[in-house]
Amino acid sequence: MEGVLKMLKNGRKILGMNARNIDYVRPLNLKKSKKLADDKIYSKKVLQKAGLPVPDLIAKIRTIEELEKFDWSSLPNSFALKPNRGFGGEGIVVVYGKKKSRDEWIKANGDILTVDDLKNHIRNIIDGTYSLSNTPDVAFFEQRLTLLKLFKPYSFKGIPDIRVIVFNKVPVMAMLRLPTQESGGKANLQQGAIGVGIDLATGTTTTAVLGKGRYIEYVPGSRLLLSGIKIPYWQSILKFSVQAQEVSGLGFLGADIAIDKERGPVFLELNARPGLSIQIANLGGLKERLERVRGIKIKTVERGIRVGMDLFGGEIEEELEEISGKKVIGSIEKIKLIGKEGQEIEVEAKIDTGAMSTSIDVELARELGFGDLTEFFDKIELPTGFVREEAQKIMKDLKQKHQHPDLIDIDIIFSSNGVSIRPKVKIEFIMDQLRIAANVNITQRADLKFQTIIGKRNLSRFLVDVNK
Amino acid sequence: MENINPVLAYLVARGLPLDTVIMLFMLPIIVTLIAFFRQVVGIKAFGIYTPAIVTFAFLTIPKLRYGVVVFVAVIVVGMLMRYALKKLRLLYLPRMAITLSVVAFSMLILLALGGSFQRTGLASVKIFPILIMITLVEKFVGTQIEKGNRTALILALETLVISIIGFYLASWNGLIEFIIAYPWAVLFTIPINVFLGKWDGLRLSEYVRFRNVLKNM
């Protein structure tokens, strides 16, 4: 019951289809602007004129006569063929290479496309098969974008794109869309692509959803974490989105931007009726955000970006913890060490990702009930002046000769200030509410600032934020 | 018939079939129901015309289940034809013409089968509702091309559900008697639609769609 009430209450923060159409699309996206958004060639021209980077137009085919007269050898080796008024990524053909001797092209999946295949496809486009409400359409060729190295492992045969919702010159929500095998290389969630929410302040990805609503942490079939991807050119992407709103006159805009390997961010298309799934990917409500931005006077593009970043960013840390299941900690943390008899000692520890193991000061070890062991270890005559190659053998000898119930191992540590041989004990500690069982080595740290350092081996459940 | 509105009584006396008059008054109620399903519940179906006309087709078929059989048969044949014709790579209208022709023949076979299995109810289905159902194929195949198989099937199912609900509503005696007595009450659907047309709340289906967001906000 409580859950139902919460859902009903939160329902006011979500933008549904009714509210999108009645409160945003209808009053804010006038017919003229909608027409511009639905016409890809025209919007390409308008955006380019305003100084926004767009994929280059190679050629367009408007009629069957033009199709018959078309010079196929004029096409470059790779291109994208699109219906001018297509939607949802339908009817798009992308070729990656051309056969040397003939006018034949190769698709991403290795299929060969002949001139006849292309002609047939273009005939279908002109006939309106892929256009809104099946009206006659224009086919056009444009420059094929190349995949950014960063995105390569995340996307299947296609270019990911970034959707930014802009309202009142403020970017309010964004998501990265990754094409998958299921979506056939298309960056469309309805067809099974992955949508990843983006923190507006930092351009870092947060939660991810596969297709219409399955939350995922990793790229399917891999161990690639979808959260925490830092999107390059983030400022420019937001800037282009807001500029596109100014140019297009779309009061409620879905801007689609891709990143080309050579050219950087490139504006793909304007969307006058942006989908609502972006809310699922971001685990947040658009309506709530739109209402916060409504009525604010924004004079410049920069100001709009600033407002968007300030209002809709910065929650990333908690989200990161939620997604990765890892705690975000700073470079210095208060921890509680648990001694042999269960005594607890709170200390400040340095988080040292440069060290393998955790180590504590001799005095601290004594307080934790390992006094007996430290005395025992002090009495051992430790070899000095050996070289790295001998270390293994020396350790083995030491372990055999000297045994103590608390001593679980002996470590030889090579560091910038020489070699040291240290005893190792089992100690548990609590950091950020997590209880960690660690093999800790004991050494002289009395004259150092921190009595305890936590090494890599015991940090697998944490992410370190150096600014914290 | 004791409670008949004078205007209706006059029309009937003038030779208008009562059934026709009732159907005309029923139409606003059915289409309002469809609008309600779209705006509040979130069931899309194939627009407003298709579920409305299918509802009326159901009303003219002797038994609802025969109507459903015809509906399902039309969709299945339409779907099979799409695969059968895929290889030929025909343009839209000629392809649709072939599909509709084959659906028509399939109907003939279906009715003949009905006859031979003594399902006289099925065999005696009139031509008009069958034609209506056949035109449903264009909607279906068009959606298949635009939005894919899954969406088309879901929309077809939603159309069927709304039409069945519409059928029960329109054949409910209480409602029929009410319309005969107070036909002008039907005008009340207009303010209802004004409200539906301005209602910007979350649809029932959207509570399901965004359930994870709603729970985790």
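In chain A, 62% of the contacts (heavy atoms within 4.5 Å) between residues at least 6 apart in sequence join residues at least 24 apart. This is a predicted model, in which local features need pLDDT of at least 70 and side-chain atom pairs count only at pLDDT 80 or more, while totals for chains, interfaces and linings use all residues. Residues are numbered from 1 along each chain as its sequence is written, chains are lettered from A and ligands numbered from 1 in the order in which they are written, and side-chain values use heavy atoms, with hydrogens and water left out.

**Overall form**
- Chain A has 13 helices and 22 strands, taken as DSSP runs (H or I, at least four residues, for helices; E, at least two, for strands) numbered from the N terminus.
- Because its radius of gyration, taken over C-alpha atoms, is 30 Å, well over the 23 Å that the globule rule (2.2 Å times the number of residues to the power 0.38) gives for 468 residues, chain A is more spread out than a compact globule.
- The C-alpha trace of chain A spans about 95 × 60 × 45 Å along its principal axes.

- Of the 468 residues of chain A, 51% count as buried, that is, under 20% relative accessible area with a 1.4 Å probe and protein chains only.
- Leaving aside residues up to four places away in sequence, A:F267 touches, among others, A:L47, A:P53, A:F240 and A:I257.

Key
Buried < 20%, exposed > 50% of the residue type's maximum accessible area, 1.4 Å probe, protein only.
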